[in-house]
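Please read them with the structure open.

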Amino acid sequence: MDEPTSRAERRAHSRGRSRVWVIAGGALVAVIAIALGAVLLSSGGGDESSNASKVPPVTVAKTNVTLAAGDVSADSVGAPVTVSPEVVKATIDSIGTYLKVATVDPLRSAKPAADLSAVFNQAALARVIGVDRSALVDEGLPQVAGELDVVATPVAITGLGDQDGKLALLTASINLDITGTVKSAAKGAKTDPLHIVRTGSFVFTPDANGAWKVSAYSIDVNRAGGGIDAPTSTTAATAATTGTAR
């Protein structure tokens with residue numbers, strides 16, 4: 001079996017590319033602006049947390065991957081805040097669900113992705129299942145019949161607190177290097193392994209029930225090999241949407 005190429009080489013030979021930048025919700029925009037201003041002016045408290053070590057890694061069925069939390073930190077415009085182990089676990093669990101529903105299951109079954117409403121809030125989900133679907137979901141690709149490996153960089157989590165000293169949102173890094181052995185189109189035929197690299201970040205905010213869901217994201221995806229036909233290059237960009245801050 002040939003030695004696998006390096007990640008740098010894989011990126012250099014990637015043939016499919018799509019980038020999505022989304023920030024949904026006026027309240028989210030307002031909180032981000034306040035928090036970033038506080039960090040730049042050093043007017044708020046900060047806290048470095050070791051909660052990552054308190055959260056066990058998450059495995060994803062039908063693939064060789066372990067998702068783990070990396071550095072966990074928090075800044076606040078008011079009283080200092082921390083990202084609790086419970087919130088860290090919910091974040092890693094959500095990313096694991098996303099990986100399974102949006103990537104693993106479609107690649108294994110060659111069927112459309114299932115419901116992602118457990119991961120994304122209503123505003124973000126509308127874009128994920130609509131204009132940004134090709135960047136967030138791995139559908140319509142060669143079916144993976146053999147090994148499916150994911151190299152997942154530990155997820156860095158940064159929380160932002162509001163003026164009341166409450167955790168208002170958090171960002172989680174996304175860095176997934178996915179390689180799969182595809183099902184050959186003809187007996188004895190050989191194809192290069194399917195290769196997908198997805199990087200960026202998810203922004204999580206609590207919904208009305210207190211569940212942390214992705215309300216914004218910035219994602220870059222590269223796809224190559226596995227019998228993918230002509231190379232493509234697609235970029236999708238959106239400005240922050242407006243809304244009523246609560």
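How many of the seven residues of β7 are buried? Five of the seven are, and the strand is mostly covered. Buried means under 20% relative accessible area, exposed means over 50%, and partly exposed is in between (1.4 Å probe, protein chains only).

1. Basis of the notes. This is a predicted model, in which local features need pLDDT of at least 70 and side-chain atom pairs count only at pLDDT 80 or more, while totals for chains, interfaces and linings use all residues. Residues are numbered from 1 along each chain as its sequence is written, and side-chain values use heavy atoms, with hydrogens and water left out.

2. Overall make-up. The protein has five helices and 11 strands. Helices (H or I, at least four residues) and strands (E, at least two) are DSSP runs, numbered from the N terminus. Of the 246 residues, 42% count as buried.

3. Contacts along the chain. A contact means heavy atoms within 4.5 Å. Among contacts in the protein with a separation of 6 or more, 74% come from residues 24 or more positions apart.

4. Strands β5 and β7. Strand β5 (residues 69–76) is mostly covered, with six of its eight residues buried. Two strands pair if DSSP finds at least two bridges between them. β5 runs parallel to β7 (residues 155–161), and six bridges join them.

5. Strands β7 and β8. β7 also pairs with strand β8 (residues 167–182), here in the antiparallel sense and over five bridges. Ile157 stands opposite Ala172 in β8. The two strands form a hairpin with five residues between them, and Gly165 in the turn has a positive phi of about 75°.

6. Helix α3. How far apart should the ends of this helix be? The 25 residues of α3 (residues 85–109) should span 36 Å at 1.5 Å a residue, and the end C-alpha atoms are 34 Å apart, which agrees. The expected span is 1.5 Å times one less than the number of residues. The helix has a kink of about 35°, centred on Lys100. The bend at a residue is the angle between axes fitted to the seven residues ending there and the seven starting there.

7. After α3. Ala110 comes just after the helix, in the loop between α3 and α4 (122–128). Phi of Ala110 is near 60°, a positive value in a residue other than glycine. Ala110 counts as partly exposed because its relative accessibility is 48%.

8. Side chains of opposite charge can pair when their charged atoms come close. A salt bridge is a side-chain nitrogen of Lys or Arg within 4 Å of a carboxyl oxygen of Asp or Glu, and the structure holds six. One of them joins Asp93 to Lys89, with the closest N and O atoms 2.8 Å apart. Both residues lie in α3, four residues apart, about one turn of the helix. Asp93 is partly exposed, at 27% relative accessible area, and Lys89 is partly exposed at 39%. Lys100, named above for the kink, forms a salt bridge with Asp105, the closest N and O atoms being 2.9 Å apart. Asp105 is partly exposed at 23%, and Lys100 at 32%.

9. A buried pair. Arg198 and Asp138 meet in a salt bridge of 2.9 Å, N to O. This pair links distant parts of the chain: Arg198 is in strand β9 (residues 194–206) and Asp138 is in the loop between α5 (133–136) and β6 (144–152), 60 residues apart. Both residues are buried. Salt bridges that share partners join Asp138, Arg198 and Arg223 into one network.

10. Arg133. This residue lies in helix α5 and counts as partly exposed, because its relative accessibility is 23%. Not counting residues up to four places away in sequence, Arg133 touches Ala113, Arg127, Val128 and Glu139. The C-alpha atoms of Arg133 and Ala102 are separated by 9.5 Å, with the two residues 31 apart along the chain.
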